[in-house]
Structures are given as structure tokens and as C-alpha cells.
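Subject: Handover of a structure and notes on its contents

Dear colleague,

Please find the structure below, handed over for your use. The notes that follow set out what was found in it.

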Amino acid sequence: MNRLLVVVDMQNDFIDGALGTKEAEGIVENVADKIKEYQREKDSIIFTMDTHSDNYEETMEGRKLPVKHCMKGTHGWDICDAIQTVCNLNNYKIYEKDTFGSRELGKDLAAGIYDTCSEIELVGICTDICVISNALLIKTFLPEKKITVDGACCAGITPKSHKNALEAMKMCHIDIIE
């Protein structure tokens, strides 16, 4: 039994690009260190990537958030260099997703692919959108599994919405490291 680290959307557009924040920039080193910890322990790591295409403006998200970001194949879509420096992404499962929670991850959870993990930890961006969505998705499929979110390895749209998302996850029986 091993742990699973879910690295959510550590992409350039969310760090220093179209939707970047100083808070997101501030967690990159923490996330890189967390990945190194999991590598040392030979635990599992997976990634999600927000992925949009040319029809972004026509989607519900595009209408509600009219800022093009994470367009597949662009620099903004790439996982940031600091993360790529600590791990060869070719060695890890990456879930490209066009919505907040990963449908493909949900399918893999339903198929039992992650049932043997002793616990699941999430880190990444944005705490208040994609991290919380994927944490609740995992909790839905694995309600008895220990699920943790490391707040020092997450950043939200604002510090307040980050804190609110952590509190909401606590209420859903997700353990929060602060």
C-alpha cells in the first residue's frame, strides 16, 4: 500500500501567466518539495492539467471566466519548469481536463485503480476551484479513504477564497494540513 499525490494544475497560466497570482508563485517550491518527498518514499504521483481549445469562449467556463488560459499546446498550458525539473512528466499519469474535476480520474476511481493507495493527498492550483473539485470527486468514489490537502502547497484565486475552500473541504471530512 502506498500513498498517492495528486498534483492539480501546476501550469504556467495559473502561476505567472493569464491567471497567475503571487500566492501561486509562492507555492511552487513547496509543491516541488512535496513531489520530491513522494519520489523518495517511492509513492505514486499523478497530475491534472487544465486543458482548453479554440472554442473556449463558447463553453460555460469561457462565458463565466472570459480569460483564455491553458490553451493546449501553449506555454501557459505547460506544467511549470520548476515541477518539470524535479520529475520527468513522461513517467507519470497526466489527466488533461476541460472542466474543474477530472472525468477521466473519476472513471479510474470508479474502476478501482487507486483502491490500494493507503491515502491520497492533493496539492496545486486553484484551491477554490480545481483542488476542491478533485478532492470532492475522490471523496465521492473513495469515501473511506484518508484524503488530505496541504494548504501550504495550494493557492486560490484570493487568499480568502483559498481559506474558504480549505474550510469547506474540512466540513466534507478531508484532512487539511495548514
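The side chains of arginine 3 and glutamate 37 form a salt bridge, with N and O 3.3 Å apart; the term covers a side-chain nitrogen of Lys or Arg within 4 Å of a carboxyl oxygen of Asp or Glu. This pair links distant parts of the chain, since arginine 3 belongs to strand 1 (residues 3–8) and glutamate 37 to helix 2, 34 residues apart. Helices (H or I, at least four residues) and strands (E, at least two) are DSSP runs numbered from the N terminus.

Before going further, please note that this is a predicted model, in which local features need pLDDT of at least 70 and side-chain atom pairs count only at pLDDT 80 or more, while totals for chains, interfaces and linings use all residues. Residues are numbered from 1 along each chain as its sequence is written, and side-chain values use heavy atoms, with hydrogens and water left out.

Salt bridges

Arginine 3 is buried, at a relative accessible area of 18%, whereas glutamate 37 is partly exposed at 26%. Here buried means under 20% relative accessible area, exposed over 50%, and partly exposed in between (1.4 Å probe, protein chains only).

In total, the structure holds 14 salt bridges. One of them joins lysine 34 and aspartate 150, whose closest N and O atoms are 2.9 Å apart. It connects distant parts of the chain, with lysine 34 in helix 2 and aspartate 150 in strand 5 (residues 146–155), 116 residues apart. Both lysine 34 and aspartate 150 are buried.

Glutamate 57 and lysine 68 form another salt bridge, with 3.5 Å between the closest N and O atoms. Glutamate 57 lies in the loop between strand 2 and helix 3, and lysine 68 in the loop between helix 3 and helix 4, eleven residues apart. Glutamate 57 is partly exposed at 42% relative accessibility, and lysine 68 is partly exposed at 42%. Elsewhere, salt bridges with shared partners join Arg3, Glu37 and Asp43 into one network.

The aromatic pair

Rings of Phe, Tyr and Trp (its six-membered ring) pair if their centres lie within 6.5 Å; planes under 30 degrees apart count as stacked, over 60 as edge-to-face and the rest as tilted. By this rule there is one aromatic pair. Phenylalanine 47 and tyrosine 92 form it in an edge-to-face arrangement, 5.7 Å centre to centre with 75° between the planes. Phenylalanine 47 is in strand 2 (residues 44–50) and tyrosine 92 in the loop between helix 4 (81–86) and strand 3 (93–97), so the pair ties together parts that are 45 residues apart in sequence. Phenylalanine 47 is buried, at 0% relative accessibility.

Backbone points

Most residues other than glycine have a negative phi, and most peptide bonds are trans. The peptide bond from isoleucine 125 to cysteine 126 is cis, with omega near -10°. Lysine 42 has a positive phi, near 60°, and is exposed at 71% relative accessible area. Histidine 173 also has a positive phi, of about 65°, and is exposed at 62%.

Yours sincerely
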